[in-house]
Amino acid sequence: MSELAGASGRAGRPNQSETSPRARRRRYLLPFALVLPIVLYEGLLIVYPIAQGIYGSFTRIELASKNPPVWVGWDNYERMFSDPAFWKVIQTTLLFTALVIVVALSVGLFTALLFNRPFHFRPVARGMLMMPWAIPEVPVVMIFIWILSPQFGVVNILARLLPGVTQNPQWLQVPELAMGWMVLISSWKAFPFYSLVILAALQAIPQELYEAAKVDGANPLQLFWRITIPSIGTTLELLVVLAAIFSFKQFTIIFLMTGGGPSGATETIVIRIFNTAFRFYDYSYATALGVAGFVVSLVVAFFFILMQARRTQEAA
Amino acid sequence: MSDHDVRQQNEARSLLNRRDFLRNATALAGIGLLAACAPAGQPDAESGSAAPAVSTGKKQQVRYLSWWFDEGNRGETWLNFVTEFNESQTEIEVVPENIPFDQYTTKTIVGAQSGQLDGDIIMATPELAPRLIQADLLVPLDDVLTRNNITDLSSAHDALRKEGNLYGLDMVTVAFGILYNQQRYEEANITPAKTPDEWVEVSAALTNRDEQKYGFFATHLVSEASDFWFQLEEWCMPYDGIWAEGKTPLLTSDPIIKGLKLFKQMYDVAMPQGADNPTGYRLFQTGAVAQGLYVSAAVGAFTKDAPELYPLLRSAPIPWESNKSIARIHPMMINKDSSVIEEALEFVTYMYKPDNYRRMVEGCQDVIFAQPSAARQEYLDNLEWLKPGFSGVEYVTPFDIVGDFVFNFNEFGQIVITNFADVLNAGKSVEDAMEVAQKQAEELAERIS
């Protein structure tokens with residue numbers, strides 16, 4: 001007791017050394033010193049390249065040329081906004097992003113609901129559910145290229161069962177089909193993660209809520225819409241934002257399978273940036289496109305922050 | 001010792017530790033920052049070119065960058081030569097580094113832009129070479145000719161000269177020709193075509209999609225951009241066209257439109273549509289594809305990749321009146337910023353000794369000799385597929401067909417293939433697609449001028 005009293009007394013009354021100007025200065029500087037490494041890291045490896053990219057978008061750079069970069073002001077942006085191909089790319093990006101969000105989250109929610117129920121070998125099944133997410137993207141691409149091969153692909157066997165299909169379809173050569181497959185493969189790759197997060201949220205819902213609702217005569221659909229969805233609403237909102245960010249920056253699957261084709265049908269902004277920089281070697285225009293992509297990402301992030309702020313306000 | 005004393009000591013130790021930690025962390029961060037900001041240890045080009053490597057008992061390593069070390073007999077031949085050279089040297093060791101062809105140009109150009117080429121010895125494509133020469137990134141190689149008494153170097157090297165100096169030495173010239181599977185021709189009772197129209201007919205006759213038999217294959221996917229353009233560039237030849245003259249693109253010219261329409265016809269009647277390059281190659285190996293426009297350098301690879309097919313390979317005569325085809329020169333070059341220029345020169349000199357050069361060309365089963373006097377008629381006579389498709393043809397180079405766009409060959413090609421893909425997949429007419437491509441190419445010309 002006396003120890004505790006002494007301790008609390010000491011804590012409440014700072015000694016002389018802690019109140020000296022040097023100690024105060026040290027205490028004041030400590031937080032800055034602690035964040036210094038991360039600020040340096042962020043500054044050198046994230047902020048500086050972004051700033052360099054923004055600066056590059058106002059210049060004209062010719063790769064492997066002796067000419068130094070030339071300041072061209074807003075030229076690259078004027079070119080971008082007047083380029084119909086840019087608006088098509090934005091349209092394709094938004095369409096792809098929206099479709100992946102809908103498909104991946106719907107499948108993720110469905111499988112989470114399924115795995116929330118007890119059944120035999122559930123742990124094994126849960127492990128298998130995670131496989132698409134765990135496999136690296138490049139082998140996934142190779143597997144799907146074979147599955148969709150117009151000459152050897154197994155999916156042709158299923159397609160030929162459909163009425164009117166006499167030839168193996170050109171899965172990645174028809175614009176609409178190619179976009180469909182990009183959405184499906186990206187969703188297939190991503191849904192286990194969403195499923196796992198939703199499952200965790202589902203398991204946090206108190207069972208008493210369901211039992212009380214059942215006593216009041218609620219049917220399964222009403223349980224789902226009135227209890228389950230509101231209870232996991234925050235998680236779903238977060239996942240929508242995450243899915244938007246992940247699908248927005250999807251590169252490997254699209255680039256390796258279609259390269260943005262056919263006819264630009266799957267050319268999202270990241271593919272466009274890569275092609276502009278490393279196929280057309282139009283480096284400065286690519287940086288302008290990169291800035292545009294950055295702004296879109298910022299809007300999504302801002303939307304998320306706004307949403308969180310609103311929720312905090314509501315909770316308060 | 002009182003509690004107060006103990007506490008003071010602990011406090012002091014704790015403060016000392018924290019201070020030490022912060023001091024050390026700041027010092028480390030500072031050192032890291034200085035190291036990051038310090039200029040890279042770039043070798044002094046002048047001293048590098050003047051001073052030979054100092055003998056330290058350890059061999060000086062020369063990095064030799066290329067895309068061909070895993071290409072069948074070509075890779076094997078080159079690796080054997082590297083071993084042979086290394087064994088003959090006490091102070092030099094050549095280290096081969098493979099970079100996939102599709103990434104090679106991009107990697108090199110981006111490296112050049114960052115201020116320094118990677119590697120000491122660099123292989124180049126016909127389009128990459130002038131770009132590097134123009135940017136003053138290479139070492140003159142005239143000395144190699146002097147040391148080896150070579151006086152009959154092919155005229156294709158003229159494009160590799162600047163201000164009287166020679167900056168590249170051809171290690172393989174590849175020429176396009178029509179290669180076919182003799183068995184498939186005999187089964188269908190077909191003789192090689194003599195005109196573009198006959199070629200379409202022959203290819204259609206060799207095709208039966210239900211049985212997965214195809215008359216022809218060429219790369220046609222935008223996801224394989226480099227390979228697609230690599231093959232499509234030949235399609236200006238059937239009607240004797242060129243893609244550009246000087247800075248003026250000629251994508252809407254009659255020969256180009258006709259050539260691309262011919263490709264579309266072949267795509268419609270004879271090609272395994274949607275097949276990627278490895279699939280097309282595999283289909284040719286198994287006999288499912290009967291013919292293709294192959295470069296001579298690729299034929300040798302079949303001895304290893306498809307030994308059953310190789311004896312069946314024959315070349316068809318060029319089925320267009322001009323009898324022209326494209327030959328692509330691939331020079332070996334030395335990086336001006338290398339710290340082992342003399343050692344690198346030693347290897348290039350070794351490879352260009354007429355006897356070594358001949359052994360290398362024969363090992364790779366190539367057929368065009370940059371040193372004509374090194375060619376052995378007996379070797380050429382034994383290649384059954386050589387005549388008539390790869391012999392007696394009038395060859396032109398990429399420099400002749402793309403004008404000033406040779407310095408921006410990939411960008412130009414990307415414009416052509418992305419628009420032409422609309423013809424293959426989106427039902428656009430060749431004329432409409434090339435009109436768009438023409439405008440884009442004109443914009444490119446304006447940008448690079």
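Predicted model: local features only at pLDDT ≥ 70, side-chain atom pairs only at ≥ 80, totals over all residues.

Residues are numbered from 1 along each chain as its sequence is written, while chains are lettered from A and ligands numbered from 1 in the order in which they are written.

**Stop 1**

Now look where they meet: 22 residues of domain 1 of chain B are in contact with 21 residues of domain 2 of chain B. Here, "in contact" means that the C-beta atoms of two residues, placed from the backbone, lie within 7 Å. On the domain 1 side, α3 (72-88), α4, α5 (128-134) and β11 (324-334) of chain B each supply at least two of the touching residues. That side divides into 10 nonpolar, six polar and six charged residues. (Ala, Val, Leu, Ile, Met, Phe, Trp, Tyr, Cys and Pro count as nonpolar, Asp, Glu, Lys and Arg as charged, and the others, Gly among them, as polar.)

Zoom out to the whole of chain B and you can pick out 18 helices and 12 strands. These elements are DSSP runs, numbered from the N terminus: helices are H or I with at least four residues, strands are E with at least two. Of the 449 residues in chain B, 45% are buried. A residue is buried if 20 or more other C-beta atoms lie within 10 Å of its own, exposed if 12 or fewer, and partly exposed in between, with C-beta atoms placed from the backbone.

**Stop 2: where chain B meets chain A**

Show both chains. How many residues does each chain bring to the contact? Chain B brings 32 residues and chain A 31 residues. On chain B's side, the elements giving two or more residues are α1 (3-37), α4 (101-113) and α17 (409-425) of chain B. Highlight α17(B), which gives the most, with six residues. The touching residues of chain B split into 16 nonpolar, 10 polar and six charged.

**Stop 3: into the core**

Next, select B:Ile121, B:Leu132, B:Ile334 and B:Val348, which touch the most other members of the largest nonpolar core, a set of 174 residues. Helix α10 (residues 175-203) of chain A provides the largest share of this core, 11 residues. A nonpolar core is a set of buried Ala, Val, Leu, Ile, Met, Phe, Trp, Tyr and Cys residues joined through C-beta atoms within 7 Å. Stay on B:Leu132: leaving aside neighbours within four places in sequence, its contacts are B:Ala112, B:Ala124, B:Leu137, B:Leu138 and B:Met333.

**Stop 4**

Follow α10(A) along its axis. Where does α10(A) bend? The bend is at A:Ala190, by about 40°, and a proline, A:Pro192, follows within four residues. (The bend is the angle between axes fitted to the seven residues ending there and the seven starting there.)

Now pick helix α16 (residues 283-315) of chain A. At 1.5 Å a residue, its 33 residues should span 48 Å, which agrees with the 47 Å between its end C-alpha atoms; the expected span is 1.5 Å times one less than the number of residues. Among the buried residues of α16(A) are A:Tyr283, A:Tyr285 and A:Leu289. Their cover includes α3 (21-56), β1 (59-60), α4 (75-81) and α15 (269-278) of chain A.

**Stop 4: some loops of chain B**

Jump to B:Pro388, in the loop between α15 (377-381) and β12 (394-396) of chain B. The peptide bond from B:Lys387 to B:Pro388 is cis, with omega near 5°.

Then try B:Glu163, in the loop between β4 (161-162) and β5 (165-166) of chain B. B:Glu163 is not a glycine, yet has a positive phi of about 50°. Is B:Glu163 buried or exposed? B:Glu163 is exposed, because 6 other C-beta atoms lie within 10 Å.

Last, select B:Gln212, in the loop between α8 (196-205) and α9 (225-232) of chain B. B:Gln212 has a positive phi of about 55°, again without being a glycine. With 15 other C-beta atoms within 10 Å, B:Gln212 is partly exposed.
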